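Hi,

Here is the structure I promised to pass on. Have a look at it first, then read my notes below.

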Amino acid sequence: MVLNPVLGKLVSKRVVLASASPRRQEILTNVGLRFEVVPSWFKETLEKSAFAAPYEYAVETAKQKALEVANRMHVKHLRTPDVVIGADTIVTVDEQILEKPVDKQDAYRMLSRLSGKEHSVFTGVAIIHCHSKDNHLETEITDFYEETKVKFSDLSEELLWEYIHSGEPMDKAGGYGIQALGGMLVEYVHGDFLNVVGFPLNHFCKKLAELYYPPPKHNVQHKKYDSIPSVDTFENLSDGESESSNFTEHKGASKLDSSGMCSSGAIYKSESSSSVRTGFIVPLENQNGVLKSAAKVPSKILDLMDGFRASKALFVASKLKMFDHLRAKGPLKAVDIANEVGTSVCGTERLLDACAALGLLEKTPQGYSNTDSANTYLTSDGEYSLHGYIIHSNDHLWPLFTNLESAVKEGSRQNHRAFGKKEEDLFKDYYQSQEVKQRFMAAMHSIAHLTARDVATAFDLSQFKSACDLGGCTGALAHELVQIYPNLKVTVFDLPEVIANTSYFQPSGQHTAPVTFVSGDFFKDNLPEADLYILSRVLHDWPDEKVHVLLSKISAVCKPGCGILLAEMVLDDEKKIRSTALLQSLNMLVQTEGKERSGSEYQHLLEQHGFTNVKIRLTGNLLDAILCVKT
Ligand SMILES: Cc1cn([C@@H]2O[C@H](COP(=O)(O)OP(=O)(O)OP(=O)(O)O)[C@@H](O)[C@H]2O)c(=O)[nH]c1=O
């Protein structure tokens with residue numbers, strides 16, 4: 001709670017952690033930071049000898065990891081984050097830098113060097129503030145490092161190999177994890193324990209304090225915070241919803257100054273008696289100017305409580321095609337939109353105001369107009385339109401979620417309650433009426449198109465010559481694949497009623513190798529031959545028994561070297577961090593017999609059918625990617 005006001009400065013920002021390390025995700029999640037995970041693609045191959053000190057290497061690598069993500073999000077995803085955090089942990093012993101072992105022998109070499117000795121663990125961290133100006137990405141970089149000394153006991157050969165065979169060393173710098181079995185090897189730790197685990201939380205908070213609460217200009221002896229200021233300091237300094245993010249860079253330094261916040265110099269005392277909503281204790285003054293006890297404002301809970309209202313406002317504005325009208329004719333007044341779509345003026349005005357407050361629209365004296373992201377994502381034919389999925393959410397998922405309580409009590413889907421029919425086959429319902437079928441296909445297309453680039457590039461797939469996208473629906477991923485891998489021939493295999501309706505969704509004017517559409521049922525019919533089978537949002541529809549049926553069928557036609565690419569929302573192994581994916585698993589509960597699974601659950605399923613070398617990439621987009629190869 002004491003630290004929260006520092007992290008609270010990040011609440012209203014789009015924060016991205018540019019790291020695949022589950023430890024970093026956990027450390028930051030545990031202190032209540034809300035962020036998106038977009039693992040960096042930066043390859044850790046900087047020339048070590050070019051750096052005067054090992055920590056410089058770690059800091060530079062952290063910076064490059066974060067910059068790669070900031071650039072990729074800006075250019076490729078068209079989403080500029082506010083803050084990107086990158087980190088790199090290295091172990092140094094005898095002036096050598098140890099990173100993650102490449103294999104067991106390498107782990108053995110590392111651990112035997114560390115045996116009986118003291119070594120240093122450095123984590124370099126980069127905090128990058130991003131702004132988009134005239135479509136260019138501007139960045140302000142703050143970086144630092146932390147050193148912790150660790151001493152290992154003498155390790156016997158037997159212990160060493162037992163530890164290596166546990167598998168723990170492989171994804172960890174220096175080949176050990178101090179937070180788990182590796183803790184048994186450690187005689188002492190001098191310094192920040194979490195720094196060894198992968199993220200120096202204390203130093204990070206101090207850095208945020210320096211950035212967001214710089215000391216008063218006259219107070220020259222306090223150039224920076226040596227400690228995290230006490231809770232009173234932050235409460236008195238808190239600035240509402242932390243919106244004051246107008247950073248300006250200090251000349252010649254990469255530190256940031258939040259202008260105006262501390263202009264009086266009296267930074268340790270609040271000059272304002274107004275209450276603010278930061279989610280923490282708010283000082284209130286009574287009429288005599290005496291501080292009285294204040295209520296806590298549980299912002300996160302309030303947001304969750306109201307979440308459905310915001311969703312429904314978005315759904316209704318989409319359903320009424322308000323974003324389409326505004327793109328065509330905006331800015332428009334509420335009365336004009338009400339006339340266009342045939343709604344009441346007072347209701348329309350409230351809906352538009354809510355949408356503007358939610359950041360979906362802009363409101364000016366001229367009227368309402370779309371934001372850039374409304375044009376891109378909310379218009380029905382925007383470049384990455386989510387309109388299909390929003391309508392599906394409103395018409396199909398909403399009634400199902402209304403029955404969540406029954407789904408939880410009964411542990412099963414609720415189509416019968418929501419739509420009054422008994423469900424025999426998951427897809428029968430979707431495809432029995434033309435309208436529902438098209439709505440469902442549009443929804444699947446929205447997500448497939450939005451995620452296709454990230455899924456297609458999560459791994460280098462150039463070794464495969466042919467791919468078959470099982471349940472590939474409109475072919476959105478297939479089209480992306482043939483763009484990226486011109487030598488790849490892709491077949492989309494889906495039910496006849498889907499294949500018959502794909503023409504509407506085909507991209508126009510592309511001069512690439514065509515995608516082939518083949519109709520069939522992957523549970524009943526022979527599968528087309530391919531080097532790579534793709535299952536995008538397929539396995540999550542089914543319980544394990546059915547997944548085994550499908551995987552064994554694929555395994556039977558796969559030659560060694562052939563692969564499977566899965567695109568799914570991957571849960572963290574402990575099922576406690578990735579809330580979007582965990583909520584998606586509830587979504588599967590209300591409508592299917594399937595569920596979302598963790599990386600190790602997918603790995604286990606795949607390995608049982610002879611698919612090994614399972615690699616998982618969290619893409620930072622809605623779908624993650626898993627690649628494995630038949631051995
Ligand atoms: C010494 C030690 C390290 N680690 C992990 O080692 C990885 C370092 O590698 P990195 O290159 O800094 O990070 P990464 O895992 O490759 O992720 P990314 O940030 O995407 O590069 C990080 O995971 C750390 O937690 C532990 O979990 N426990 C320990 O005791």
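Helix H2 (22-30), strand E3 (83-93) and helix H6 (193-197) each give at least two residues to the shell around the ligand, and E3 gives the most, with three. (Helices, H or I of at least four residues, and strands, E of at least two, are DSSP runs numbered from the N terminus.) This is a predicted model, where local features need pLDDT of at least 70 and side-chain atom pairs pLDDT 80 or more, while totals for chains, interfaces and linings use all residues. Residues are numbered from 1 along each chain as its sequence is written, and side-chain values use heavy atoms, leaving out hydrogens and water.

In total, 21 residues surround the ligand (a heavy atom within 4 Å); Ser19, Arg24, Lys65, Lys100 and Val197 are the closest. By type, the shell has seven nonpolar, six polar and eight charged residues.

Now for some polar contacts (N or O atoms within 3.5 Å). A polar side-chain atom of Arg24 sits 2.7 Å from a ligand oxygen, and for a side-chain N or O atom of Gln179 the distance to a ligand oxygen is 2.8 Å. The protein covers 95% of the 600 Å² of accessible area (Shrake-Rupley, 1.4 Å probe) that the ligand has on its own.

What about the nonpolar cores (buried Ala, Val, Leu, Ile, Met, Phe, Trp, Tyr and Cys joined through side-chain atoms within 4.5 Å; buried means under 20% relative accessible area)? The largest has 46 residues, and Phe152 is among those with the most contacts inside it. Helix H7 (residues 201-212) supplies the largest share of this core, six residues. A second, separate core has 28 residues, including Leu539 and Leu606.

Cheers

Key
Polar contact = N/O pair within 3.5 Å; in protein donor to acceptor, adjacent residues only side chain to side chain. Nonpolar A, V, L, I, M, F, W, Y, C, P; charged D, E, K, R; others polar. Buried < 20%, exposed > 50% of the residue type's maximum accessible area, 1.4 Å probe, protein only.
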